[in-house]
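Please read the sequence alongside the model below. The text after it goes from the overall form to single residues.

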Amino acid sequence: MSNSMLAMPAPRRLALSASRQLERWAMQAQHRDQQRREAMAYEQALEARAQHRLDALARNLLR
């Protein structure tokens with residue numbers, strides 16, 4: 001704990017600590033959502049690439 005924290009009254013330290021904990025908790029939820037969106041985008045990109053390759057193969061076979 002920093003000196004500035006120790007200089008605060010105990011209820012203020014507790015409130016600040018709780019506030020920081022809530023902020024970390026909220027950021028974790030945002031981080032998980034961001035990771036989920038990035039994973040979905042990656043899967044969609046892989047599917048699009050595979051479809052593009054299949055389309056190219058089909059075009060070559062039809063020539």
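What follows describes a predicted model, starting with the fold and ending with the surface.

The protein has two helices and zero strands. Its radius of gyration is 25 Å, whereas the globule rule gives 11 Å for 63 residues; the value is well over that figure, so the protein is more spread out than a compact globule. The C-alpha trace gives the dimensions: along the principal axes of the protein it spans about 80 × 15 × 10 Å.

Burial comes next. Of the 63 residues, 3% count as buried, the cut-off for that class being under 20% relative accessible area.

One of the helices, α2, covers residues 10-62 and includes L57. Q35 is also located in helix α2. How far apart are Q35 and Q51 in sequence and in space? They are separated by 16 residues in sequence, and the distance from C-alpha to C-alpha is 24 Å.

The partly exposed class lies between the buried limit of 20% and the exposed limit of 50%. Q35 has a relative accessible area of 45% and is therefore partly exposed. L57 counts as partly exposed because its relative accessibility is 47%.

L57 also belongs to a surface feature. Together with L54 and L61, L57 forms a nonpolar patch on the surface. The accessible area of L54, L57 and L61 together is about 330 Å². In the model, then, L57 is a residue of helix α2 that contributes to this nonpolar patch.

Methods. Residues numbered from 1 in each chain as written. Predicted model: local features only at pLDDT ≥ 70, side-chain atom pairs only at ≥ 80, totals over all residues. Heavy atoms only, no water. Patch = residues over 30% accessible without salt bridge, like charges linked within 9 Å, V, L, I, M, F, W, Y side chains within 5 Å. Areas by Shrake-Rupley, 256 points an atom, 1.4 Å probe, with all protein chains shown as cover. Salt bridge = Lys/Arg side-chain N within 4 Å of Asp/Glu carboxyl O. Helix = DSSP H or I, 4+ residues; strand = E, 2+ residues; numbered from the N terminus. Buried < 20%, exposed > 50% of the residue type's maximum accessible area, 1.4 Å probe, protein only. Rg over C-alpha atoms; globule rule 2.2 N^0.38 Å.
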